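Biologist: Could you take one residue of this structure and look closely at where it sits and what surrounds it? I would like the cut-offs stated along the way.

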Amino acid sequence: MLSVIFGDNEGTIMNTSTYFKNVYEDDWITDALSKDMIKDVDRSDVVSARVIDSPVLGGISPRELSGGVKTLICIYRMPDKIFNASNCGDNCAKWLLEIGEREDVTINLRHIMDFGDGEFEIYIKNTDTVVHNMKEMILTAGMFVR
């Protein structure tokens, strides 16, 4: 399940791009879910572990992926750590839900991310409750984010 901690949280990895740059491994990039996230969020294709074809930048390394994709990959590959998912745009929300369906992960949010119009289950650690839609999310998150 996807769990969220809103607001300040000691131990959250804030600078996910720098963290990713220093810890990622080749197999993180060639994993099927990572490829799908890179394709969807950055509109880029993984050619190999060290080459990604970007329609804007041409051939790039994984270090040049967007901050959102790097954060998603870190959350997926290191589920025991808490990452600042406010580095992600709303286009990453469906992927956070997907990762949460695969395994238990906790993220930190400093804003209200738009998880769309549908139903979902997100555990809010601040209040020890589960929210099921954006209305519930906003009512809960509003107590903790500015």
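Modeller: Threonine 106 is buried in this predicted model, with a relative accessible area of 13%, where buried stands for under 20%, exposed for over 50% and partly exposed for what lies in between, computed with a 1.4 Å probe on protein chains only. Because the model is predicted, local features need a pLDDT of at least 70 and side-chain atom pairs count only at pLDDT 80 or more, although totals for chains, interfaces and linings use all residues. Residues are numbered from 1 along each chain as its sequence is written, and side-chain values use heavy atoms, with hydrogens and water left out.

Threonine 106 belongs to strand β6, residues 105-109; strands (E, at least two residues), like helices (H or I, at least four), are DSSP runs numbered from the N terminus. Leaving aside neighbours within four places in sequence, threonine 106 has Ser3, Ile5, Lys81, Ile82, Phe83 and Lys125 in contact with it, contact being heavy atoms within 4.5 Å. With lysine 125, the side chain of threonine 106 also makes a polar contact of 3.3 Å, that is, a pair of N or O atoms within 3.5 Å, of which, within protein, one must be able to donate a hydrogen and the other to accept it, while residues adjacent in sequence count only if both atoms are side-chain atoms.

With β6, the strand of threonine 106, β1 pairs in the parallel sense over 5 bridges, pairing being counted if DSSP finds at least two bridges between two strands. Along this pairing, leucine 109 in β6 is the residue opposite phenylalanine 6.

Strand β1 also pairs with strand β7, residues 122-124, again in the parallel sense, over 3 bridges. Here valine 4 has isoleucine 124 in β7 as its bridge partner. In general, the strands of a sheet pair through backbone hydrogen bonds, either parallel or antiparallel.
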